[in-house]
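Here's a quick tour of the model you have open.

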Amino acid sequence: MSCEIKQKERIGTINPIFTCQPAGAQYVSIGVKDCIGIVHGGQGCVMFVRLLISQHLKESFEIASSSLHEDGAVFGALNRVEEAVDVLLMRYPHVKVIPIITTCSTEVIGDDVDGVVIKLNEGLLKEKYAGREVHLIPIHTPSFVGSMVSGYDVAVRDFVRYFAKKEKTSDKINLITGWVNPGDVTALKHLLSEMQIEANVLFEIESFDSPLMPDGNSVSYGNTTIDDLTATGSALGTIALNKYEGGKAAEFLEKEFDIPAIIGPTPIGIRNTDTFLQNLKKMTGKQIPQSLVRERGIALDALTDLTHLFFADKKVAIYGNPDLVIGLAEFCLDLEMKPVLLLLGDDNLTYPTDPQIIALKEKVDYEMEIITNADFWELENRIKNKGLELDLILGHSKGRFIAIDNNIPMVRVGFPTYDRAGLYRHPVVGYAGAIWLAEEMANTLFTDMEHKHNKEWILNVW
Amino acid sequence: MPYHEFECSKCIPERKRHAVIKGPGEDLTHALPLGYLNTIPGSISERGCAYCGAKHVIGTPMKDVIHLSHGPTGCTYDTWQTKRYISDNDNFQLKYTFASDVKEKHIVFGAEKVLKQNIIEAFKAFPVIKRMTIYQTCATALIGDDVDAIADEVMEEMPEVDIFVCNSPGFAGPSQSGGHHKINIAWIKKKVGTVEPKITSDYVINYVGEYNIQGDQEVMLDYFKRMGVQVLSTFTGNGSYDELRAMHRAHLNVLECARSAEYICNELKVKYGIPRLDIEGFGFEPLSSSLRKIGLFFGIEERAQAIIDEETARWKPELDWYKERLKGKKVCLWPGGSKLWHWAHVIHEEMGVEVVSVYTKFGHQGDMEKGIARCEEGALAVDDPNELEGLEAMMTLKPDVIFTGKRPGEVAKKIRVPYLNAHAYHNGPYKGYEGWVRFARDIYNAIYSPIHQLAHLDISKDEIPVDKGFQTAKMISDVKLSGEIVTSKTLRQYTGKYDSVSDLRKKTYPEFKKSERSE
């Protein structure tokens with residue numbers, strides 16, 4: 001009885017859990033104010049990622065393409081980047097920040113994006129846009145390396161590396177949220193505000209839960225400003241909630257500017273939220289107020305109603321972004337559930353040395369498998385052909401047919417969750433996230449019990 | 001000059017020749033925008049790539065096939081579960097997608113070995129499926145992997161399988177349209193003529209350029225079967241790989257989306273002498289005349305007419321109920337390619353709406369030619385529109401509804417223009433007589449949504465009506481209608497089911513005897 005970590009044995013991918021690096025960089029780019037990214041590659045690398053993110057958030061936002069074609073693929077396409085920067089600046093007068101995000105094609109042909117940025121800075125920006133604040137940031141995200149997760153990580157680091165400046169040390173901390181939803185940012189900012197802590201939040205994406213207003217606001221955009229990014233270099237400390245999505249930036253700030261970094265754990269569940277508050281306290285000297293004691297109490301009250309009566313021993317499979325999967329697994333264990341299969345969808349070689357994964361490996365007292373470089377077939381094949389029995393699946397919408405076809409209840413969580421309404425609005429982090437997750441899991445199990453006539457009468461007297 | 005210059009595009013003057021306003025008395029020689037040219041970098045257009053045109057639009061609707069993309073996983077992931085092309089084999093092609101998962105080391109040392117192993121693994125995981133299409137991507141095209149050679153090698157080792165290779169990397173052409181062309185040509189060159197079909201009717205067609213969005217193909221197949229016409233293959237929605245290898249034995253190619261699939265029809269004409277008949281499944285009149293033309297071709301007009309009469313009697317009163325309520329409503333018809341001209345005139349004639357603008361993301365000049373010829377005077381026609389132009393057009397034209405894609409639909413929502421999904425439909429299918437009523441119903445529901453009406457109220461400034469606890473669409477739509485129409489006993493709202501397709505799969509059809517001579 002133990003927990004095993006292994007790589008997927010097949011070489012190919014049947015139904016991928018993740019998309020590729022440029023998507024992660026694009027998700028970062030929409031969190032920055034006055035920023036429109038240019039993806040240097042084929043048009044599909046942008047069009048489909050915009051579709052994907054807009055399916056998830058039910059919002060639109062802007063990302064441009066350099067529109068690589070055959071001639072560029074043969075002769076080099078840096079001229080397309082130059083033109084794209086110019087066209088973007090001409091037509092979007094508010095734009096100040098332009099990350100230039102590479103893809104597999106432009107990395108293979110070896111386009112020197114860093115070189116063209118120097119050229120544009122010396123030429124076009126000085127000549128045509130003198131006096132205008134413009135920042136061009138090369139971000140290298142070849143699709144054949146890592147995944148959308150590492151693409152996110154790389155992009156956060158590159159934004160921070162570009163803007164961070166050491167000025168007078170401030171009382172602010174840096175909070176790097178990782179790949180989260182607008183609802184998570186709201187929940188995190190609420191915790192900070194209860195602790196009276198000010199932070200540079202990377203990234204302020206709350207506005208992607210945007211209203212439909214009488215004056216007609218057409219697109220959504222993030223609210224992390226150049227000033228926020230610059231100020232990361234003078235912060236009291238950095239808390240990166242997700243080690244695989246923002247950890248690199250925290251390490252950079254620590255190394256470059258001696259800003260102490262606390263990386264992880266993701267504040268999913270009561271225990272990890274407690275740790276987050278403790279870390280905040282340690283970093284700032286601020287006390288945890290009564291209001292949060294009460295909030296925590298409300299969450300505990302809600303969870304206590306559910307754990308041993310409904311959750312105990314329920315077998316769960318979890319897939320998605322690694323920090324999310326680990327956080328959810330830990331929370332499930334606290335809820336007396338049994339996460340039996342964790343799927344991490346890329347080949348990051350550091351997973352086996354992740355302390356949280358090691359802890360699972362050493363301390364879990366039943367059979368658990370952690371698969372790295374996983375695809376959805378690792379889950380489906382176990383259910384269909386190897387007798388894996390599950391009570392619940394936790395993960396994003398791309399795995400929906402496994403749940404549907406095998407009659408296993410599923411809670412949508414992570415990115416993307418386009419097949420359920422409004423999930424981007426609900427946090428999974430903090431005490432509020434713990435309540436939402438637990439109640440969503442419980443209600444999903446209840447609906448399934450009723451649908452299958454599986455002791456549905458138990459709910460009569462609950 | 002009829003060219004229209006957008007304020008937002010004055011700084012990119014080459015855009016000026018991509019938009020025209022159809023002026024009074026002007027014909028197409030005055031008013032044809034440029035088309036199918038490379039997009040201006042940084043303009044934020046809505047175009048996709050040639051890989052998606054091949055794989056996502058045309059390749060994947062083939063239902064009994066392992067669709068394997070040779071490259072990193074992103075291309076595969078991004079084009080997976082973003083369309084609604086269903087199939088009658090439990091949606092295998094929607095549910096499963098395969099990537100060879102090319103990593104950095106393969107970029108350096110070549111990914112052919114990895115591809116071969118992938119192919120074998122995929123067939124092993126799904127032993128029932130014996131057919132595969134492999135799509136090249138940007139990365140593997142650039143490193144020069146010989147995908148065809150690997151496919152041949154596997155076919156030699158595994159004689160029970162058949163593999164089709166489509167070399168259409170993302171950068172191959174100005175838009176997804178380049179991919180449509182590439183996969184059309186590759187299919188006829190490599191696969192057509194490699195299977196001999198069983199001919200069961202005197203009247204044999206291929207149904208081409210039809211992707212079974214929400215069941216369109218199954219609706220049309222129902223009519224063809226009722227006419228006793230054998231549909232040898234559908235290119236490609238709900239289509240079967242081996243049936244498509246037998247396309248050469250049809251008597252007629254019936255072509256729906258000429259933008260994406262006329263290439264294969266033209267090649268089938270050249271190579272096998274099979275004539276091409278362009279038809280339209282959208283709209284009562286175009287559909288009726290399409291069925292009549294097929295009937296005429298085979299000399300079975302009366303069978304076509306029987307269907308037309310029956311379906312028209314059943315559904316026309318419902319279409320007309322909506323027409324009365326949609327008259328004069330302004331529409332931006334902003335699809336990808338062919339719906340620009342499939343819909344432009346017929347939504348005007350049969351639903352009474354005014355098409356104030358047409359655009360096409362990846363259409364060619366020929367599509368614009370047809371679209372502009374069919375839309376109203378004064379309409380704004382835009383080729384390869386970009387984000388700001390779309391917004392400017394909506395702000396000036398103030399349409400009542402817009403037919404476009406999912407993400408641009410979000411832009412429309414925010415400026416309080418309801419949207420319908422032109423690519424994947426809202427509650428389709430939209431083809432067929434019933435389908436056309438479903439489309440009218442969706443338009444009506446969008447325009448007259450009580451929630452949409454509320455979005456126009458500014459509670460900080462406007463007088464807030466306090467006398468209503470609710471409104472229905474009908475309370476809003478029927479205000480200005482004559483009593484005669486409101487109380488009409490003949491007109492009625494849509495009466496079909498939520499799922500209008502599944503029942504078709506259970507249907508049986510009359511047998512039409514095949515004549516001896518065509519054996």
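Predicted model: local features only at pLDDT ≥ 70, side-chain atom pairs only at ≥ 80, totals over all residues.

Tyr36(B) has a positive phi of about 55° although it isn't a glycine. With 25% relative accessibility, Tyr36(B) counts as partly exposed. For that scale, buried means under 20% relative accessible area, exposed over 50%, and partly exposed in between (1.4 Å probe, protein chains only). Asn373(A) also has a positive phi of about 55° without being a glycine, and sits in the loop between β13 (368–372) and α17 (376–385) of chain A. Asn373(A) counts as buried, at 9% relative accessibility.

Now the peptide bonds. Gly264(A) and Pro265(A) are joined by a cis one, with omega about -10°; Pro265(A) lies in the loop between β10 (261–263) and α12 (269–284) of chain A. Another cis bond links Phe235(B) to Thr236(B), with omega about 0°, and Thr236(B) is part of strand β7 (residues 230–236) of chain B. Why point these out? Most residues other than glycine have a negative phi, and most peptide bonds are trans.

Take helix α7 (residues 147–157) of chain B: its buried residues are Val147(B), Ile150(B), Ala151(B) and Val154(B). They share one side of α7(B), because they cover an arc of only 100° around the axis (the arc of the directions from the helix axis to the C-beta atoms). An α-helix has 3.6 residues a turn, so residues three or four places apart point the same way. The cover over the buried residues of α7(B) includes β2 (66–70), α5 (112–125), β4 (131–136) and β5 (162–166) of chain B.

## Chain B as a whole

Chain B has 21 helices and 14 strands. Its radius of gyration is 24 Å, close to the 24 Å that the globule rule gives for 519 residues, so chain B is as compact as a globular protein of that length (taken over C-alpha atoms; the rule is 2.2 Å times the number of residues to the power 0.38). Buried residues make up 64% of the 519 residues in chain B.

## Confidence and ground rules

Chain B averages a pLDDT of 95, and 99% of the residues score at least 70; pLDDT is the predictor's confidence in each residue, from 0 to 100. The model scores ipTM 0.96 and pTM 0.97.

Residues are numbered from 1 along each chain as its sequence is written, while chains are lettered from A and ligands numbered from 1 in the order in which they are written. Local features need pLDDT of at least 70, side-chain atom pairs count only at pLDDT 80 or more, and totals for chains, interfaces and linings use all residues, while side-chain values use heavy atoms, with hydrogens and water left out.

Note on methods:
Helix = DSSP H or I, 4+ residues; strand = E, 2+ residues; numbered from the N terminus. Contact = heavy atoms within 4.5 Å.
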